[in-house]
Amino acid sequence: MDLDKLRKTAAEIVSRDDVKYLLGWRRGTFGYRVAPYFIEDAAGVDELIFSPLCISNLATYLTLVEKLPVPRGQEPDQRKVALLVKGCDSRAVAQLLVEKGIKREEVVVIGLPCPGMVDRELLAEKYPETEAAAEVKWDGEDFLLVGEGGETAIPRTEVLAEKCRLCRHPNPVISDLTIGEPVEPWATADDSGVAEIEAKETAERWAYWEEQFSKCIRCYSCRNACPLCYCEDCILDRLDPTWVNRAVNFSENTAFHLARAFHLAGRCIECGECERVCPAGIPLGKLNRKLARTVREEYGFEPGLDPEAEPFQAGYKPDDPEEFIL
Amino acid sequence: MSAMLLHKEKWSEFTGKLSGKNLWAPAVQGEMKKFARVAEGQTVHLDEDNTTVPPKALVFPQTETLCRFSLGQTDLELPGLDEEMVLLGVRPCDARAMALVEKLFRWDFEDPYYLERRERTTLIGLACNEPDLNCFCSSVGGGPASPEGLDILMSDLGESYLLEDITEKGKALVEEFKDLLEEAPADAVKQKEQLVEDAVAKIKWNVDPEGIPEALPQLWEDPLWEKVSAACLGCGICTYLCPTCHCFDIQDEVEGPAGRRCRMWDSCMFAEYTKHTSGHNPRPTRRERTRNRINHKYSYFVDKFGVIACVGCGRCSNLCPVNIDLIDILRQVKAAR
């Protein structure tokens with residue numbers, strides 16, 4: 001990764017009059033943490049990084065940032081938001097455009113071909129985090145951990161994030177400019193995580209999800225981290241009528257997770273943020289990937305590839321394969 | 001206070017017997033560690049890591065029925081008292097958090113639900129010999145072997161546990177198990193003190209809160225709040241899993257002609273937390289919400305009860321998916337003074 005080029009480009013973009021800020025990443029405060037980074041002026045780019053730890057999807061902030069009413073007599077801030085996107089992140093931007101969640105002229109998309117990200121928890125299991133911030137780099141096919149104890153080469157397969165192992169779109173599908181050379185897709189079709197659940201008997205599968213959903217503490221980190229869960233008035237927060245009780249138990253938790261999963265069918269771009277942020281380790285990625293695969297196989301549709309596409313659940317095609325409908 | 005020794009070869013007998021008393025201890029459930037009921041006769045294995053979910057969830061459940069009601073009935077049905085319980089392996093920070101939260105639940109109104117459950121709970125603590133990298137209990141008035149809130153404090157001395165009773169409840173329990181215990185020699189207590197000293201020395205990522213409560217009201221409009229909250233996802237991880245966060249909402253759940261009134265955890269990080277019926281929200285963005293989270297712990301609670309409502313367990317910093325780090329925020333507050 002040519003960090004100098006990235007920073008130079010970022011400085012140019014953030015200095016533009018029509019750009020409000022640039023969304024990137026910076027080193028976290030300790031260990032392997034990386035934090036989303038809002039850069040407002042060229043001086044801020046020195047801290048900007050792009051490394052195998054930059055797993056989070058910044059497209060979430062396009063809809064998460066509150067838009068307060070503009071005081072009388074003032075003009076709304078029409079400036080653009082610039083953001084760095086990996087392949088998966090760019091699909092979120094494309095899908096937001098499809099859904100008219102954002103407008104094209106509101107964003108400057110800087111594409112970063114992605115050689116794959118590290119699963120921080122896997123890394124920390126093998127090489128415990130310390131209070132000193134450590135760095136991870138790409139090193140050919142492998143990762144290189146640079147910390148207090150010097151440099152350690154880590155085979156890619158050992159700590160590669162699951163979503164990256166399955167990634168079919170490592171190169172940004174939409175961008176105003178791209179930094180870095182395109183990478184060869186390396187996806188494996190072997191989604192063993194989903195296959196394992198599919199292989200279970202119905203009762204066994206139910207028991208599996210009962211155990212998983214029972215762990216949920218309803219912190220809504222999955223919903224909030226999801227770039228495509230951005231309803232202004234979420235049914236989960238509704239009290240009148242109360243669609244989902246606030247009570248935390250298996251039944252209500254299941255209602256929550258299934259409602260979310262179905263709302264994302266044909267929209268989820270498999271960035272894996274829901275599962276990454278879950279403090280309870282609920283395998284939400286598997287749930288969403290199962291639905292994404294169903295949509296792909298049964299309807300021949302993959303979301304977030306074409307910003308001009310018709311939204312999947314709002315469209316009708318006479319030539320849908322729909323082989324599963326009797 | 002007496003000091004007794006429990007040799008580790010008697011540990012399984014000790015926990016086996018305790019398990020007859022509605023015993024709860026840390027257990028791993030997937031990626032999450034929390035207190036779980038110990039089956040009778042089962043041995044408990046304690047390790048260094050603290051639980052993901054603090055034991056506050058047992059005395060202040062995430063969802064709790066306050067009463068039940070039904071159409072045509074003027075009488076409310078109140079829930080019965082929970083069975084008494086013993087919590088084993090509670091970390092001193094989490095026990096101290098219960099002592100702090102109790103101040104609130106005893107304040108202008110004595111909350112019978114919380115206080116009765118707290119009264120019926122015995123806490124057996126385990127001192128920390130190996131603080132986690134986000135621990136900073138010793139900076140905020142606690143310590144790796146702080147007795148506050150505990151009934152019995154256990155310290156791992158290697159071959160044995162040192163048991164010190166803190167309260168009458170603890171003393172009675174130690175008395176009950178005296179056949180398994182022996183009088184602790186003076187050097188055992190010294191060894192424990194050395195372990196505490198060593199543990200405190202291992203705490204690196206910390207901050208001295210001196211001056212923070214006074215500084216916070218002055219920094220109300222400081223740009224630091226925008227900076228530290230920009231990346232916030234507005235989820236409930238930091239507050240739900242905080243041992244001192246105690247905000248709750250009360251809602252009615254009605255199905256057909258009957259229902260229940262329940263209290264459930266709420267979080268100041270949620271958008272609808274202080275949203276008024278009119279639609280107005282005095283905390284309209286994550287900036288005000290983050291500011292509230294820090295102010296509640298390091299300013300408002302201090303004004304009201306004279307003590308910081310943070311025990312330095314490090315969960316919020318450790319579990320935040322976007323690296324919003326309490327120590328970092330507090331250091332910025334100090335720098336902005």
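Predicted model: local features only at pLDDT ≥ 70, side-chain atom pairs only at ≥ 80, totals over all residues.
Over how many bridges do E10(B) and E11(B) pair, and in which sense?

**View 1. The three-stranded open sheet of chain B.** The strands of this sheet follow the order E4-E11-E10 (chain B), and their pairing is antiparallel. Strand E4 (63–70) and strand E10 (248–255) of chain B are the edge strands, each with a single partner strand, so one side of each has no neighbour in the sheet. If direction is ignored, neighbouring strands of this sheet are turned by 20° against each other on average.

**View 2. Strand E11 (residues 258–265) of chain B and its two pairings.** In answer to the opening question, E10(B) and E11(B) pair over eight bridges in the antiparallel sense, while E4(B) and E11(B), also antiparallel, are joined over seven bridges.

**View 3. The eight-stranded open sheet of chain B.** Here the pairing is mixed, and the strands stand in the order E3-E2-E5-E6-E7-E8-E1-E9 (chain B). The edges are formed by strand E3 (32–37) and strand E9 (182–183) of chain B, each of which has a single partner strand, so that one side of each is left without a neighbour in the sheet. Within the sheet, strand E6 (residues 121–126) and strand E7 (residues 152–156) of chain B run parallel and are joined by three bridges, and Ile124(B) stands opposite Ile152(B) in E7(B). Helix H5 (residues 168–176) of chain B packs on this sheet, where the helix touches E1, E6, E7 and strand E8 (160–165) of chain B, and the direction of H5 makes about 135° with that of E8(B).

**View 4. The buried side of helix H1 (residues 11–18) of chain B.** The buried residues of this helix are Phe14(B), Thr15(B) and Leu18(B). These residues lie on the same side of H1(B), because they cover an arc of only 90° around the axis. An α-helix has 3.6 residues a turn, so residues three or four places apart point the same way. The buried residues of H1(B) pack against strand E1 (3–7), strand E2 (23–29) and strand E5 (85–90) of chain B.

**View 5. The contact between the two domains of chain B.** Chain B is divided into domain 1 (3–60 + 72–201) and domain 2 (212–336), and the centres of these domains, taken over C-alpha atoms, are separated by 26 Å. Domain 1 of chain B gives 23 residues to the contact and domain 2 of chain B gives 16 residues. On the side of domain 1 that touches domain 2, the largest share, eight residues, comes from helix H3 (residues 92–105) of chain B. By class, that side of domain 1 has twelve nonpolar, six polar and five charged residues.

**View 6. The contact between chain A and chain B.** This contact takes 34 residues from chain A and 33 residues from chain B. On the side of chain A that touches chain B, the elements that give two or more residues are strand E2 (34–39), helix H9 (221–225) and helix H11 (273–277) of chain A, and E2(A) gives the most, with four residues. The residues on this side of chain A comprise 16 nonpolar, ten polar and eight charged.

Methods
Residues numbered from 1 in each chain as written. Chains lettered and ligands numbered in written order. Contact = placed C-beta atoms within 7 Å. Nonpolar A, V, L, I, M, F, W, Y, C, P; charged D, E, K, R; others polar. Buried ≥ 20, exposed ≤ 12 C-beta atoms within 10 Å, placed from the backbone. Arc of directions from axis to C-beta. Pairing = 2+ DSSP bridges. Axes fitted to C-alpha atoms, helices over the stretch in contact; angles between N-to-C directions. Domains from an automatic or database assignment.
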